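Subject: Structure handover

Hello,

Here is the structure that I am passing on to you. Please open it first, then read the notes below it.

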Amino acid sequence: MNFTCSYNLTEADRIGAAIGAALMPGDVVLLSGDLGAGKTTLARAMLKARGLVGEAPSPTFAIVQPYAPPEVDLPIAHVDLYRIEEEDELIELGLDDYLYDGVLLIEWPERLGSQGWPDALSITISGSGDARVLTADVPTSWGSRWPLR
C-alpha cells in the first residue's frame, strides 16, 4: 500500500508517535529525505511513543544509538547511515542482531546498497519550511496496524 500525507512541523510529533506506537519486534523503518527534511524528528517521536524520556541524540556520529528497556518498552536501534561510504562497513554494525527482539529505525537507507529488508516500512519525507509531505510504502506485514489514514 502506498500512503501520502501533507503535514506541518507541529504535526510531526503526532505522526511519528502514531507510527512508533504501532512498532513491533522485527520491524524496520527506513527514513529517507534530504538533510533537514525531518527524519530525526520522526524517529525521536517514535522513540518517545515507546517511553523515551528526554531528547534522543542524533546518531550521526555514533551511527547506531541503541535503546533498551526500561528506557523504552521495546529495544530500538536508531541508525544514521549518512557517514557510511562503503557497503562493507555495514557488516560491522550488526544491524540484523537488533531484529531478534527489537526494531531498527534507519536514516539514509540508500547507503544500505544491495542490503536491506523486503518487509521494511519505507518513509520518504519531502518539502521545506513548515510544509512537509510524507510518502510511505507500507508493506503487507503492517496491514491493519498502519496508523495513518
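Which residue meets Arg-14 in a salt bridge? The side chain of Glu-11 does, at 4.0 Å from N to O. A salt bridge here is a side-chain nitrogen of Lys or Arg within 4 Å of a carboxyl oxygen of Asp or Glu. Side chains of opposite charge can pair when their charged atoms come close.

Two remarks on the source come before the rest. This is a predicted model, in which local features need pLDDT of at least 70 and side-chain atom pairs count only at pLDDT 80 or more, while totals for chains, interfaces and linings use all residues. Residues are numbered from 1 along each chain as its sequence is written, and side-chain values use heavy atoms, with hydrogens and water left out.

Overall build

The chain has two helices and seven strands. Helices (H or I, at least four residues) and strands (E, at least two) are DSSP runs, numbered from the N terminus. From that end on, the elements run β-α-β-α-β-β-β-β-β. Along the principal axes, the C-alpha atoms fill a box of roughly 35 × 35 × 30 Å. The radius of gyration of the chain is 14 Å, which agrees with the value near 15 Å that a compact globule of 149 residues would have. That radius is taken over C-alpha atoms, and the globule rule is 2.2 Å times the number of residues to the power 0.38.

Of the 149 residues, 46% are buried. Buried means under 20% relative accessible area, exposed over 50%, and partly exposed in between (1.4 Å probe, protein chains only).

Salt bridges

The structure holds four salt bridges. In the one already named, Glu-11 is partly exposed because its relative accessible area is 28%.

Another salt bridge joins the side chains of Arg-145 and Asp-27, at 2.7 Å from N to O. This pair links distant parts of the chain, 118 residues apart: Arg-145 is in the segment after β7 (131-137), and Asp-27 is in the loop between α1 (12-21) and β2 (28-32). Both Arg-145 and Asp-27 are buried.

Arg-44 and Glu-55 also meet through their side chains in a salt bridge, at 3.1 Å from N to O. Arg-44 lies in helix α2 (residues 39-49) and Glu-55 in the loop between α2 and β3 (64-67), so the pair ties together parts that are 11 residues apart in sequence. Why does Arg-44 count as partly exposed? Its relative accessibility is 27%. Glu-55, at 63%, counts as exposed.

Charge on the surface

Which residues gather in a patch of negative charge on the surface? They are Glu-85, Glu-86, Glu-87, Asp-88, Glu-89 and Glu-92. A patch of this kind is made of residues with over 30% relative accessible area and no salt bridge, with like charges joined within 9 Å. Glu-89 sits in the loop between β4 (76-80) and β5 (103-107), and with a relative accessible area of 30% Glu-89 is partly exposed.

Two distances

Asn-8 lies in strand β1 (residues 2-8) and is partly exposed, with a relative accessible area of 24%. Its C-alpha atom is separated by 25 Å from that of Pro-139, which is 131 residues apart from Asn-8 along the chain.

Thr-41, in helix α2, is partly exposed at a relative accessible area of 34%.

Regards

How values were computed: Patch = residues over 30% accessible without salt bridge, like charges linked within 9 Å, V, L, I, M, F, W, Y side chains within 5 Å. Areas by Shrake-Rupley, 256 points an atom, 1.4 Å probe, with all protein chains shown as cover. Lys, Arg positive; Asp, Glu negative; His and termini not counted. Charge placed at Lys NZ, Arg CZ, Asp CG, Glu CD.
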